[in-house]
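Here is a set of questions and answers for reading a protein model step by step. Keep the sequence and the structure in view while you work through them.

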Amino acid sequence: MNRDQVRSVMKTIFEEETGQALASLDDDAVLAEDFALDSVDLVSLLMRVESQFQVRLTNAELTESRTVGALVDLVRSKTGVSAEV
């Protein structure tokens with residue numbers, strides 16, 4: 001799965017979790033702040049990401065992945081896909 005495919009799936013998850021249609025899902029968007037997610041919303045979103053991509057994300061990894069781009073790269077690394085594609 002390339003980066004755009006991962007982002008597309010995540011865009012759908014974000015739209016369903018926030019109830020908002022998104023024109024795009026930018027790499028530099030900060031997860032909690034730009035989407036007005038409280039801690040419960042953020043956990044719910046991340047659980048959906050884990051389920052959709054069949055990956056397990058640690059607390060340390062999530063702490064470091066504050067932006068959409070970082071989360072896309074993290075998911076890609078967990079699914080065994082190089083971050084350079």
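A pocket is an open set of grid points where a 1.4 Å probe fits, with protein on both sides within 12 Å along at least five of seven lines. The model examined here is a predicted one.

Q: What volume does the largest pocket have?
A: Rolling a probe the size of a water molecule over the atoms shows where empty space is left. For the largest pocket of this predicted model, the computed volume is about 300 Å³.

Q: Which residues lining the largest pocket are the closest to its centre?
A: The lining of this pocket is made up of 18 residues, and these divide into 10 nonpolar, 5 polar and 3 charged. Those closest to the centre of the pocket are Leu42, Val43, Leu46, Leu62 and Thr63.

Q: Which element gives the largest share of the lining of the largest pocket?
A: Two or more lining residues come from each of helix 2, helix 3 and helix 4. The largest share among the elements, 6 residues, is the contribution of helix 3.

Q: Which residues does Met10 touch, not counting residues up to four places away in sequence?
A: Met10 is one of the core residues that touch the most other members. When residues up to four places away in sequence are not counted, the residues that Met10 touches are Leu25, Val49, Phe53, Leu71, Val72 and Val75.

Q: Which elements are included in what covers the buried residues of helix 5?
A: Helix 5 runs over residues 68-78, and its buried residues are Val68, Gly69, Leu71, Val72, Leu74, Val75 and Arg76. After the helix comes Gly80, with a positive phi near 80°. The cover over the buried residues includes helix 1, helix 2, helix 3 and helix 4.

Q: Is Arg3 buried or exposed?
A: Arg3 lies in helix 1, and its side chain makes polar contacts with the side chains of Asp27, at 3.0 Å, and of Asp73, at 2.9 Å. Because its relative accessible area is 16%, and the cut-off for this class is under 20%, Arg3 counts as buried.

Q: Is Ser65 buried or exposed?
A: Ser65 sits in the loop between helix 4 and helix 5, where its side chain reaches the backbone oxygen of Glu61 at 2.9 Å. Leaving aside neighbours within four places in sequence, Ser65 is in contact with Leu31, Ala70, Leu71 and Leu74. Since the relative accessibility of Ser65 is 7%, this residue counts as buried.

Q: What phi does Ala36 have?
A: Most residues other than glycine have a negative phi. Ala36 is found in the loop between helix 2 and helix 3, and at 65% relative accessibility it counts as exposed. Although Ala36 is not a glycine, its phi is positive, about 50°.

Q: What phi does Gln54 have?
A: The loop between helix 3 and helix 4 holds Gln54, which counts as exposed at 67% relative accessibility. Gln54 is not a glycine, yet its phi is positive, about 55°.

Methods. Residues numbered from 1 in each chain as written. Predicted model: local features only at pLDDT ≥ 70, side-chain atom pairs only at ≥ 80, totals over all residues. Heavy atoms only, no water. Buried < 20%, exposed > 50% of the residue type's maximum accessible area, 1.4 Å probe, protein only. Helix = DSSP H or I, 4+ residues; strand = E, 2+ residues; numbered from the N terminus. Contact = heavy atoms within 4.5 Å. 1 Å grid on protein atoms, 1.4 Å probe; cavity = no way out; pocket = protein on both sides within 12 Å on 5 of 7 lines; lining within 4 Å. Points joined across faces, edges and corners; volume = space filled by probe spheres on them. Nonpolar A, V, L, I, M, F, W, Y, C, P; charged D, E, K, R; others polar. Core = buried A, V, L, I, M, F, W, Y, C linked by side-chain atoms within 4.5 Å. Polar contact = N/O pair within 3.5 Å; in protein donor to acceptor, adjacent residues only side chain to side chain.
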